[in-house]
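Hi there,

Here is the structure I promised to pass on. Could you have a look when you get a moment?

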Amino acid sequence: MYPPHPRLLALAALLFTNLPHPAAAIDAAKPAADPGLPYVYTKWEQLTTKDGLPNDHIFAVKADPTRNCVWIGTEDGLACYDKETKKIRSWQEKDGLPWRVVTAIDIDPRTGDVWLGLFGGGLARFSAGRFDHFSQLNSGLVNDVVYAIAIEGDHVWCATTAGASRYNTKTDKWDIFTEKNAPMEEIWNYNVSAHDGKVHLAVWGSGVLEQDIKTENWKVYLDPDGEMEIDLYRDDGNIHVIVTGAVYREKVLWISSYFGVCRYDGRHWHGFYDHDSGLPSNFTNNLMARSAHEAWFATDKGLGACMDDATNTWVSYTSDGDHHTGKAVIMRDNKVIQVVDTGYNVPHNFQICVDFDGQDVWAGTSKGLGHGIGKGYYPRLRPAPASNAKSP
Amino acid sequence: MNTFPPARRSVSARRLLCAATAASLLLAAPAQADKTDDAQAAAILPHLDTGYYDRPDLPLKQNENYANSSADVEPYGGVKPYKEHFLVQMEYTGAGRGIPEPEHVDTVRIGFLGPIKPTVSVATGGKSHNEEKLGIAMMQGTTLAIEQANAQGGYLKRHIPFELVVHNDNALWGASGSEVVDMAYKDKVWAIVGGIDGANTHIAIRVALKIEIPWMTPGDLDPTYIETNIPWVMRCVGDDRQLNYLLVDYAMRKMGYKRPCILRSGNRYGRFGVREIRDGCRRLEHPIVCEMPYKGGATDFSMQLDRIAEYKPDVIFHWGNGADAARVLNAIRARGWKQPFLTCDRAVSDEFLQIAGANAEGVICGYPWDPERKDPKLAAFREAFRKRWGVEPDTYATHAYDGTNMIIWAIQNAGLNRAKIRDMIAFRTEPFHGVTGDIPLSSAMDDAGDVFLAIRENGKWVYHSREDLGIPRGKVIEKPRVERDVASADK
């Protein structure tokens, strides 16, 4: 749990001294009830080139419930895993894919078009078996190095290394956002997401930019201390100016960076580091939020899931790829609550991307794709002991 | 003298195939591995065969103080920070070490990214910043190192030559990122040397991080370059933070000036180049009285100087290109102002001297190394460079030579695996013995060696260490800030 602020403690003490009934104070002195345990993914499967992926270096993963498949962007091609047949189909440059490195995938829910961010190759639309290619030479795409894309209504947003582009698929109009028309101190866009009426750009060196879709007004979240080498206070704002991802769910903003992660509910910020939470490492390549209380972080030392923000309860998944073993460590604050033997889970500990698929979770790594099967998943915490758990 | 081979591609890339020719053998000033190099390789190599899933069981570098910062200039000195970064070396934990060497390789390609040709760049805010001279010098130093390695047999494990693949980082529309993509996937380089402009280099190293390729910069002195926490980037030259610290210590602690002002280029180089001057002066209780930017290439500074005059500064800090520095200086002296003019290493150039003329006398520059150092290795390099290129090597050429030799050393030992090449440099505990002097890498893989002041005295640049001039330094506390009993300020 978050350490209580001294001022809150003082206020609580003041309130308790004025309570009319002493029983309330006695109740407060009791040990806190066990808040319960989070759901732990204990069933995993792994997909690699042996299963038909074009490459094991996974840069993007996107569940497609409508087609009952999962799209996978790799360092050398696009793949689609059919969940029913368990077969993988793939496309490389020889098959019409405009560029080999697929770093971003999103699906237009209205048309079913699959949009692809290509690392150094621009943007592509995969529709009806055909790839349409958009580059900085034939469109309004600001740069061909595309890190992330997000579908927002009629728009395709692209986070590129030299600004963000927004393509209106109905009007063919492109908008470019750089330091000239948005509060970007630097233009090095790293990620983009669109949820709940807002677009968030994670900008390397410029924090998080939030655009209200209705008004198109921008808001910026910077590191309040303004220093690269320190985080002055844990909960004072965005954790660092170099951010790698920002996802907005249920009016809560989750942010990842190479320096830790944080959460903002519109009023309060909370930072999470590897020394005060179950975050496996402060070096976080990406994130995906499931709700206001749950977010998963792709770190360089495992997959970290904040399962309940209020109690700072995490589950981190790590594996030993050589021996095909793995474990999930449940932590509250910086204390290990349980270690669960999951068997082989994520195929590699260097996590790059993550997506949810109903109750399931998909994790793209440096050496293959992991699929956590979430049968019986429940959000937040429950007082149910895991059958295969053991104490640390 | 045409120093370039004909371009092979119509785009901005130019490729140099540096085979071990008789001519280059004659030019070669051997860059042989010394005993330290051999011992370091022997200590690191057995730990690198981890396969796809493990990490080398080698200790990570740890520093007790970030960037050798004195307590009185540490940010928020009165407060113990919640977290301090960059004290423990970043790890690479990916699968790259398991990738086998390719079977068929004709040459071992090393990438070069630098400003070779002028153009327009979004990243740099418009027209490129006249950095081509610096970029070409950097490329010459890199080329010489490659040629010398080839003269000694090239990549010794396979007896094939190294090949330099040159790309321009002033490409259109901030496309330095695309240049790195091309180098990694089309040219298939094993490591990259380069970067001068901070904006272009930041774009490029973000790509290098994703692609996982080692990046050595001999020319980008932007402190934030290594503050990105990328485990693939390293720097073989003292950065602007260190130059700032020394200049501030000289001006404020030694000379006792009290009303500093800043006049700088308005681009990212100027903006980030003075951060520690601005912060250092303020933390030493003499805040900058006025800071004025100008547009690179400007000739009229009357607006800036009129404004500065209102604040009556007693010392002027400047950050910008050499030619800009000279024009600014001339404008200052034309007004009869006598304040000391302290500036960056780019003023130590022929261009600066030609434009500044007699005004150059007394100018003080931060400088990342001591070129007057007596070292047979440095003398041999100078001679080889003069023979090869017909000019004296400047600081960019010299550091590029060192940085390239560091990469070559790593490749010779690690083999053709990008992660292991990175590891060789990252896990090395002893400094590299370069022609610029010893290059000890910090936990952030930044050059933690000494920096110097270049002072124009009697028509010559004279290089002084901190000790030479008796420049005081604030107390450096060798303990992480979060572990100290009290906050860092210790005035």
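Below are some notes on the chain interface and on one pair of helices.

A word on conventions: this is a predicted model, in which local features need pLDDT of at least 70 and side-chain atom pairs count only at pLDDT 80 or more, while totals for chains, interfaces and linings use all residues. Residues are numbered from 1 along each chain as its sequence is written, chains are lettered from A in the order written, and side-chain values use heavy atoms, without hydrogens or water.

First, the interface. Chain A and chain B bury about 4700 Å² between them, 58% of it on carbon and sulfur atoms (accessible area lost by the two parts on being put together, 1.4 Å probe, summed over both). Chain A gives 53 residues to the contact and chain B gives 57, with contact meaning heavy atoms within 4.5 Å.

Across this interface the rule finds 5 salt bridges (a side-chain nitrogen of Lys or Arg within 4 Å of a carboxyl oxygen of Asp or Glu). Arg268(B) and Glu186(A) form a salt bridge through their side chains, at 3.0 Å from N to O.

Now the helices, which are DSSP runs of H or I with at least four residues, numbered from the N terminus. In chain B, the axes of helix 6 (residues 240-254) and helix 8 (residues 275-283) come within 8 Å and cross at roughly 40 degrees; axes are lines fitted to C-alpha atoms over the stretch in contact, and angles run from 0 to 180 degrees between N-to-C directions. On the helix 6 side, the residues that meet helix 8 of chain B are Arg241(B), Asn244(B), Tyr245(B), Val248(B) and Met252(B). Their partners in helix 8 of chain B are Arg275(B), Glu276(B), Ile277(B), Gly280(B) and Cys281(B).

Best wishes

Note on methods: Helix = DSSP H or I, 4+ residues; strand = E, 2+ residues; numbered from the N terminus.
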